[in-house]
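Hi everyone, thanks for making time this morning. I'd like to walk you through one structure, so let's bring it up on the screen.

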Amino acid sequence: MDLSNSSWKLFEVNENLSHHTLHSFPKKFGNKDLRARIYKASGHYFSLMENESARIIWIDEYPFLLFKKENRTYLGVPNASIAEGMSGEVWKANGKKLTFQSEKMKAVMELVRKVSFVDSTVLILGKTGVGKSHIAKLIHQYSHRSHKQFAMVNCSTIPESLIEAELFGYSAGSFTGGHKDGKQGIFQSVSGGTIFLDEIGEIPFHLQAKMLEVIQENQIRPIGSAESIPVDVRIIAATNQNLEEMVEKKLFREDLYYRLNVVPIHIPPLSERKEDLEVLITYFLELFHKKYGVPKMLTPEAINVFYQYNWPGNVRELENLIERLFITVEEDIISLKDLPEKMSSVSIEFQAEAHVPPFKPLKEAKRQYEKELIAKAYNIYQNTYKVAEVLQVNQSTIARKVKELREKGEL
């Protein structure tokens, strides 16, 4: 059996060290509760491996080899057999990418990695457009609940008169106009999965006690019912409001705030991590090139304005702007005159202290890309002749470069 995380790998110990993907377990590991228990235990043991590369662990009566992915080559495990999980700079969720290179976002993603394999309640904090829903999807996707449903509820868009019925459901005959047999609420229908409560600060005060009951007792009480129903659901909440101030103003229950705030994750605004602009701009240019079938580039003057602008709408504003420019600009080059007035009015100062994108020298970028390409191809084919054939170069060239990569410990 094979269980993967961004930093650790787990194999069942047997004669040939065979392994299976997360979705193709042997029959003896087919029990979902056992699988969830194994995954949770693996995360716990990994957190204790500060100075160890690997260790044998026992879960129930089964022995497993748990090891750090960064040390996999030293353990004799071929790279080709290990599927890539979450990388340091590009994380995928539902086909979309979260691209970054700033130290602040790397710290956020490290926290996301840690909470992904436990069931703690998470509170995601950040301004509009920073990617709170994307982070919530990542946590679910890399958790042991990933095979179950992920439900996203925006508490600010559901009318106050309906939100209780939507979340908790109602029994038969509870009110006029309802289903005659009653209706399950979202908490009950998502049982076993994850519910993401966006804009949690907008939930009506009178419902916050019922929300607290879900977190504390793992049960809900539908409208019109005297009996509580047990539910198994992980709660991830998010807000762009200051809940502590709302608690002081008696707009948000203090006990609910502390129950939600078990693991807070603050996503910094784009204005505080402008070093991410380089990779974000590149990603969105490539994304809309594929979507619309036309390549476009930004002039240095336009890029400089991107670095001076404060991006009050954060990553969402950046993405929407680049898509708008793809649609409205007929030329292949997007220049200063094509930018919105609020951006083009930003003063352009080409000074040393001005923000400039940290581009690599072209030769260095080419060497880096060549190294990554050869390493990736060799990890797949494990043969310099086949790699040379695929990359259409001499085998001697590939053999020499593979040797160099090995000597540097990069392969």
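One term before we start: a residue is called exposed when its relative accessible area is over 50%, and buried when that value is under 20%. Please also keep in mind that this is a predicted model.

With that cut-off in hand, take I327. Is I327 buried or exposed? Its relative accessible area is 57%, so I327 is exposed. You'll find this residue in helix α11, which covers residues 314-328. I327 also belongs to a nonpolar surface patch with Y292 and V294, and together they present about 260 Å² of accessible area.

Let's stay with α11 for a moment. The buried residues in α11 are N314, V315, E317, L318, L321, I322, E323, L325 and F326. What lies over them? The cover includes α9, α10 (300-308), β17 (333-334) and α12 (341-344).

That brings us to α9, residues 277-292. This helix has 16 residues and reaches 22 Å from its first C-alpha to its last, close to the 22 Å expected. Its buried residues include L277, L280, Y283, F284 and F288, and E278 is on that list as well. Just past the helix, G293 takes a positive phi of about 75°.

Leaving aside residues up to four places away in sequence, L197 touches V153, C155, L167, F187, M211, I235, I236, A237 and A238.

Last stop: T194, in strand β11, residues 194-198. T194 has 0% relative accessibility, so it counts as buried. With the sequence neighbours up to four places away again set aside, its contacts are H140, R145, Q149, F150, A151, V233, R234 and I236.

That's my tour; happy to turn the model around if you'd like another look.

How values were computed. Residues are numbered from 1 along each chain as its sequence is written. This is a predicted model: local features need pLDDT of at least 70, side-chain atom pairs count only at pLDDT 80 or more; totals for chains, interfaces and linings use all residues. Side-chain values use heavy atoms; hydrogens and water are left out. Patches are made of residues with over 30% relative accessible area and no salt bridge: like charges are joined within 9 Å, nonpolar side chains (Val, Leu, Ile, Met, Phe, Trp, Tyr) within 5 Å. Accessible areas come from the Shrake-Rupley method with a 1.4 Å probe; for residues, only the protein chains shown count as cover. A salt bridge is a side-chain nitrogen of Lys or Arg within 4 Å of a carboxyl oxygen of Asp or Glu. Helices (H or I, at least four residues) and strands (E, at least two) are DSSP runs, numbered from the N terminus. Buried means under 20% relative accessible area, exposed over 50%, partly exposed in between (1.4 Å probe, protein chains only). Contact means heavy atoms within 4.5 Å. The expected span of a helix is 1.5 Å times one less than its number of residues.
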